[in-house]
Amino acid sequence: MNKQPSFLLALFPPAALIAAAAYSIPNELGMFLPLIIGIVATSIVGMITGNSWDELQEYMKTGVSRALPAIFILFIIGTIVGSWMLSGTIPSIIYYGLEFIKPSLFLPTIALTTGIVAITLGSSFTAIATVGVAFMAIGAGMGIPDPFIVGALVSGAFFGDKISPLSDTTNIAPAMVGVNLFDHVRHMLWDTIPAFAISLILFWFLGLNAGGEVGQSEKISSIMNGLTDTFTIHPLLLALPVITIILIVKRLPAVPSLVIVSVIGGIVAFFVQDSSLAQIMGAMTDGFAPSTSSETLNALFDQGGGVTSMLPTIGLIIAATALGGVLEGTGIFTVLLNRIVNTIQSTGSLVLRTVLSTLVVAFTSGEQYLSVILPSRAMAKAYEKQGIHPKNLSRTVEAAGTVGINLVPWGVTALFVSNITNVSPYSFIPFIFFAYLVIAINLFYGYTGISITKADPQAEQDEEQEGDRFPVAR
């Protein structure tokens, strides 16, 4: 008969994972082995507590199955980046960005633009992998440090992802606690808007002296010449991102919409850039990294998209969700979360324990879905006992799970961003201002009582009968 592990035994797998990750990432060894070490350590604990190997395998399969929608979308994102690069769409964004954006306003512009794209698409990953690639090149031309750019990209993308009714986590969080989707989104505005506004101000200060050094004008001219020598640059190529937004606004399902966008990119490459069918298929498969007259561009275009560019991230997602599945199945998460939940005494401590529970799951599994789902389940009774409306729970879990997951250097999200931008998580995590602020604001609300809504049994019954769910995307 299976039994739950003791608290000390439950600490062994996360300790093994974090120790392995803390050594591996600074030495640029990646996260595959630390995740495998975490799976092995969890399996050992599972066997000690009476789980069979067949049961452990089933837990892993259950965990991986949750990630399949995200995996399919990542495959398509790879084809989009490749086709948008070959078609001249991303080069055109870079060209006009260098021409019109001022260096002092560049970082806030990144956050705002990426946020708008993510709200519309409901996908932080798609926003970062498309317009994010262009912003990296624009920033390089302006002499702005890469970690600053990535911090603004992630802040904007997850601001948009957090409040978009098309986002998967924005649907999952309220569903886990029985809250109406739009009540959840409205309640999140209390922490999301102030955190993002302060982030924009911080990025503005950061950008005042970050770029525009002597000689940057020559560098910008070199990049723009490299683009015009290699691609046909035209404002109409900027219509492709607009088409993407229109498709999502029309509420088409995420996967078909992204496939259409990828195909349109290939068609544009055929007619505008005179690309052959073989070149288009090659760009979608292995990406497109052109050789230009600008060394800066060549270095940035080395990450040229394509399905194969997504394979390392997909492999990490599989390993991380397998680890999450076995941590959940063996009861390790339950033991760790219960220890936190049992110390609740006030509304402030309730919100604090929610944040801690979510971060424990995030830093242990590195996986966004589990960081939203498990704390929502674990904390629901505590909110009911305190007479606090569950939309406070879903808001706090989104802050620490959906956004806070970016603070985990070995997390799937941070490693995806690192793969796309070629910047180490340890370099850009300190500049994801939005992630720190949205968590801090929730803690402030918890201890002051601002925006904390009390439970209304009749209203909760009404909410259960309402609510449209939109198609979701990651």
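Modeller: Contact, or touching, means heavy atoms within 4.5 Å. This is a predicted model, in which local features need pLDDT of at least 70 and side-chain atom pairs count only at pLDDT 80 or more, while totals for chains, interfaces and linings use all residues. Residues are numbered from 1 along each chain as its sequence is written, and side-chain values use heavy atoms, with hydrogens and water left out.

Biologist: Which residues does I94 touch?

Modeller: Once residues up to four places away in sequence are set aside, the partners of I94 are A134, A137, I138, I223, L227 and F301.

Biologist: Is V423 buried or exposed?

Modeller: V423 sits in the loop between α21 (412-421) and α22 (425-428), and, leaving aside neighbours within four places in sequence, is in contact with M136, D146, P147, V150, S418 and F428. Because its relative accessibility is 6%, against limits of under 20% for buried and over 50% for exposed, with partly exposed in between (1.4 Å probe, protein chains only), V423 counts as buried.

Biologist: How far apart in space are V423 and P147?

Modeller: In sequence, V423 and P147 are separated by 276 residues, yet P147 is one of the residues in contact with V423. From C-alpha to C-alpha, their separation in space is 6.9 Å.

Biologist: Are α8 and α10 roughly parallel or antiparallel?

Modeller: The axes (lines fitted to C-alpha atoms over the stretch in contact, with angles from 0 to 180 degrees between N-to-C directions) of α8 (residues 146-163) and α10 (residues 181-208) come within 10 Å and cross at roughly 165°. Angles under 35 degrees count as roughly parallel, over 145 as roughly antiparallel, 65 to 115 as roughly perpendicular and the rest as oblique. The two helices α8 and α10 are therefore roughly antiparallel.

Biologist: Which residues of α2 make its contact with α1?

Modeller: Helix α1 (residues 7-24) and helix α2 (residues 32-48) have axes that come within 8 Å and cross at roughly 165°, which makes α1 roughly antiparallel to α2. From α1, the contact is made by L9, F12, P13, A16, L17, A20, A21 and S24. From α2, the residues are P34, L35, I37, G38, A41, T42, V45 and I48.

Note on methods:
Helices (H or I, at least four residues) and strands (E, at least two) are DSSP runs, numbered from the N terminus.
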